[in-house]
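Good morning. Please have the sequence and the structure open while I talk. I will go through a few places one by one.

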Number of protein chains: 2
Amino acid sequence: MPRQVDHASRRRLIAEAVCHLADERGLEGVTLRDVAARAQVSVGAVQRCFRTKEEMLVFALGHISERISERVRARLVRSPAQSAATALGHAAAEISLLREAHRAEARVWLAFAAQAAVSKALAKTLKANYAAVQEAFTRLISEAGEGTDRAVSLDPQREARTVLALADGLTTHVLIGHLTPREAHDVLHAHLAGLWEQPAQPSHSREDRAG
Amino acid sequence: MPRQVDHASRRRLIAEAVCHLADERGLEGVTLRDVAARAQVSVGAVQRCFRTKEEMLVFALGHISERISERVRARLVRSPAQSAATALGHAAAEISLLREAHRAEARVWLAFAAQAAVSKALAKTLKANYAAVQEAFTRLISEAGEGTDRAVSLDPQREARTVLALADGLTTHVLIGHLTPREAHDVLHAHLAGLWEQPAQPSHSREDRAG
DNA sequence: CACGTACCAATTCGACCGTATCGGAACCGT
DNA sequence: ACGGTTCCGATACGGTCGAATTGGTACGTG
């Protein structure tokens with residue numbers, strides 16, 4: 001056998017380069033040449049790892065998705081002793097990428113999300129990730145709801161979707177500059193607090209329908 | 001005076017073309033040639049209206065932003081007699097672009113939002129729009145809070161930010177395909193309903209704090 | 001009726017894109 | 001030592017990009 005190369009690790013290296021460029025210039029600024037230069041490999045090497053540019057992008061999206069959700073998972077298993085409510089708070093803060101250190105990942109996520117709206121391959125990868133996170137959130141909310149008297153457990157899945165969408169919306173608003181990270185953090189935790197802290201009130205005095 | 005042309009209306013025409021293309025292929029697929037072809041004008045005409053491509057994009061973003069927020073505003077003044085809560089529901093549904101008819105606008109918004117994360121000029125335009133909508137939402141929540149016994153009025157601005165971020169997050173998730181429009185609509189209205197329907201808890205101290 | 005001017009379509013330009021190809025270097029079993 | 005196989009960097013190609021230039025046309029003015 002001739003000289004062998006670790007394809008897997010090289011693909012990861014290239015994926016990192018893609019993410020760096022997507023962070024700095026948006027996904028439009030990701031070209032094969034720049035990726036190769038950033039990854040310190042030749043263009044030919046990039047093309048040998050990925051047949052087309054799209055294949056490279058899909059892999060890069062999977063790469064960063066896995067990294068983010070892995071961090072969320074780590075956060076969850078690290079605090080199993082704590083209440084599910086606390087765990088959810090940590091996980092939500094993690095997924096919203098509010099920390100300055102993860103601002104780059106947030107920009108990459110937004111760039112990919114926008115592209116996924118018009119690219120089926122990217123959308124598939126992204127959807128799979130969201131489905132997993134939503135399921136985890138749903139389970140957490142379910143567990144947390146059992147311990148309290150609040151009837152939040154009415155629909156844990158819906159609450160999970162709410163938290164997930166809120167987190168992503170906040171991420172977007174921080175990236176745009178409409179909110180500061182602190183403000184976003186405040187909004188997120190206020191929402192989460194509202195889930196458990198309000199005690200149950202068996203009788204609704206009056207219904208105010210909004211629709 | 002030589003042959004005159006209505007610059008303003010032509011710029012709007014071109015902006016429409018930009019939005020159409022951004023909807024179909026994402027913002028990367030927006031080129032001067034395609035824009036010109038879609039707007040039924042020559043490339044030169046586009047270049048006379050906008051000195052650079054970025055100037056064209058900024059104008060297009062302002063164009064669609066104004067259109068969306070104008071629709072929200074129209075929705076608000078159309079139902080002044082109804083409760084502020086109802087009005088907020090309508091406005092939030094409008095801003096989240098969940099209706100199938102506005103799916104294209106949603107894709108355009110997402111494309112611009114992603115680009116705004118790395119483009120200062122776009123971010124400025126987008127921020128101005130968000131500031132206006134957030135202010136309107138804050139006022140609505142304030143008014144709605146006065147009529148109820150619920151102490152939601154603790155921080156109308158924060159609630160406005162929550163609704164706005166939630167709406168955007170839901171829009172994104174629908175575009176990606178993680179949620180159906182119906183599910184997103186459900187989440188949004190459940191959240192809004194939660195703002196007013198939960199009765200106050202008299203025994204609680206006035207401060208609701210949760211890390 | 002000329003004339004200048006504002007407008008427009010077409011062309012050109014240099015740069016860069018993604019992709020394909022190729023000669024040589026590196027490596028291994030024999 | 002050597003031939004075969006795999007990897008690598010460089011280069012060429014067809015195409016498209018944004019931007020600038022040019023020649024022609026329609027129009028209001030003098």
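To begin, does B:Phe50 count as buried or exposed? At 2% relative accessibility, B:Phe50 counts as buried. Buried here means under 20% relative accessible area, exposed means over 50%, and partly exposed is in between, with a 1.4 Å probe and protein chains only.

Before I go on, some ground rules. This is a predicted model, in which local features need pLDDT of at least 70 and side-chain atom pairs count only at pLDDT 80 or more, while totals for chains, interfaces and linings use all residues. Residues are numbered from 1 along each chain as its sequence is written, chains are lettered from A and ligands numbered from 1 in the order in which they are written, and side-chain values use heavy atoms, with hydrogens and water left out.

Now the aromatic rings. A pair of aromatic rings is described by the distance of the centres and the angle of the planes. Rings of Phe, Tyr and Trp (its six-membered ring) pair if their centres lie within 6.5 Å; planes under 30 degrees apart are stacked, over 60 edge-to-face, and the rest tilted. Over all chains, that rule gives 2 aromatic pairs. In one of them, the ring centres of A:Phe50 and A:Phe59 are 5.4 Å apart and the planes are at 50 degrees, so this pair is tilted. The other joins B:Phe50 and B:Phe59, with centres 5.4 Å apart and planes at 45 degrees, so that pair is tilted.

How accessible are these residues? A:Phe50 has a relative accessible area of 2% and is buried. A:Phe59 is partly exposed, at 24%. In chain B, B:Phe59 is partly exposed with a relative accessible area of 24%.

An arginine also belongs in this picture. The charged end of A:Arg11 sits over the ring of A:Phe59, 4.7 Å from its centre. B:Arg11 lies over the face of B:Phe59, and the distance to the ring centre is 4.7 Å. The rule for a charge over a ring is that NZ of Lys or CZ of Arg is within 6 Å of the ring centre and within 35 degrees of the ring normal.

Next, the overall layout of chain A. How many helices and strands does chain A have? Chain A has 9 helices and 0 strands. Helices (H or I, at least four residues) and strands (E, at least two) are DSSP runs, numbered from the N terminus. Of the 211 residues of chain A, 50% count as buried.

One of those buried residues is A:Ala184, with a relative accessible area of 0%. A:Ala184 is placed in helix 9 (residues 181-197) of chain A. The C-alpha atoms of A:Ala184 and A:Ala93 are separated by 9.7 Å, although the two are 91 residues apart along the chain.

Let me take helix 5 of chain A. This helix has 12 residues and reaches 16 Å from its first C-alpha to its last, close to the 16 Å expected at 1.5 Å a residue. The expected span is 1.5 Å times one less than the number of residues. Its buried residues include A:Ala87, A:Leu88 and A:Ala91. An α-helix has 3.6 residues a turn, so residues three or four places apart point the same way.

What follows helix 5 of chain A? A:Leu97 does, and its phi is positive, near 55 degrees. A:Leu97 is a residue other than glycine. A:Leu97 lies in the loop between helix 5 (84-95) and helix 6 (103-116) of chain A, and it is buried at 5% relative accessible area.

In chain B, B:Leu97 has a positive phi of about 55 degrees and is not a glycine. B:Leu97 is in the loop between helix 5 and helix 6 of chain B, and is buried with a relative accessible area of 4%.

Finally, two helices of chain B. Helix 6 (residues 103-116) has 14 residues and reaches 20 Å from its first C-alpha to its last. Of these 14 residues, 12 are buried, so helix 6 of chain B is largely enclosed by the rest of the structure. Among the buried ones are B:Trp109 and B:Phe112.

For helix 8 (residues 156-176) of chain B, the 21 residues should span 30 Å, and the end C-alpha atoms are 30 Å apart, which agrees. In helix 8 of chain B, 20 of the 21 residues are buried, so it is largely enclosed by the rest of the structure. Just after helix 8 of chain B comes B:Gly177, with a positive phi of about 105 degrees.
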